[in-house]
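Please read the numbered points alongside the sequence and the model.

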Amino acid sequence: MGQCVVMFLLVRRSGHAFGLLVSRELRQPGSAAQLDRAIAKGAAIAVRPGVYMRARRWHSLSGTDRTLARIYAASLAHPGVVFAAHSAAALLRLPLPEDDLAEVHVVEAPAGAEGLVAHPESAGSGVVARYGLQVTSPVQTVLDMAVLLDQDAALALLRAAIRPAAGPHGLPDEVPLCTKAELLAAAETVAERTGDATPVELAKALVPEVSSLAA
């Protein structure tokens, strides 16, 4: 009976995105032990320590959705964490070379947290809300990714950032994530501080017919 209760929570009543279930939220006596048995039988998996999902649901997800599920799981395990770099780009729906990212990227990783990559250099850049989660600003996210990706992938991401983003029904939103002018100004500030002109060069390399739409 207990396992049925746990699996029902995983399928219907977790209250979290992707049906994620947080072990510390289990209140029914014996449900934690039943969850352990469900995991042992392969019916449930740990998306990250303390956060679980029905195995069948996990295996049905696309690579992009697995990445997002890991991000949501991290937000449940570590409330208030700010997502950065690859994870911020995924939440902002910017193109990435790989769609199934095992690691979750944050500005600051809580002590002892597993599977989190910290980007302290992204701190203080401003934070925006995306799907109820905190992420680094679009400009900061783009600048971070400009030095983490190869040139072609970075240019594709920059172009996507200055175009109107796709809305919930596939239609373009009215406002792009940022403009070329914003990117260039921020990149020049970063170059002065770090000596790395890569983001400046990439912002200037945006093709005129694209960049003029959002300059």
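1. Helices α8 and α9 are roughly antiparallel to each other, because angles over 145 degrees count as such. Their axes come within 8 Å and cross at roughly 160 degrees, α9 being residues 198-205. Axes are lines fitted to C-alpha atoms over the stretch in contact, with angles from 0 to 180 degrees between N-to-C directions. Helices are DSSP runs (H or I, at least four residues), numbered from the N terminus.

2. The model is predicted: local features need pLDDT of at least 70, side-chain atom pairs count only at pLDDT 80 or more, and totals for chains, interfaces and linings use all residues. Residues are numbered from 1 along each chain as its sequence is written, and side-chain values use heavy atoms, leaving out hydrogens and water.

3. Helix α6 (residues 138-148) and helix α8 (residues 180-194) have axes that come within 10 Å and cross at roughly 60 degrees. In contact (heavy atoms within 4.5 Å), V139, V142 and L143 of α6 meet E182, L183, A186, A187 and V190 of α8.

4. The largest nonpolar core has 54 residues, and L20 and F83 have the most contacts inside it. A second, separate core of six residues includes L26, L35, A44 and Y52. Such a core is a set of buried (under 20% relative accessible area, 1.4 Å probe, protein chains only) Ala, Val, Leu, Ile, Met, Phe, Trp, Tyr and Cys residues joined through side-chain atoms within 4.5 Å.

How values were computed: Helix = DSSP H or I, 4+ residues; strand = E, 2+ residues; numbered from the N terminus. Buried < 20%, exposed > 50% of the residue type's maximum accessible area, 1.4 Å probe, protein only. Parallel < 35°, antiparallel > 145°, perpendicular 65-115°, else oblique.
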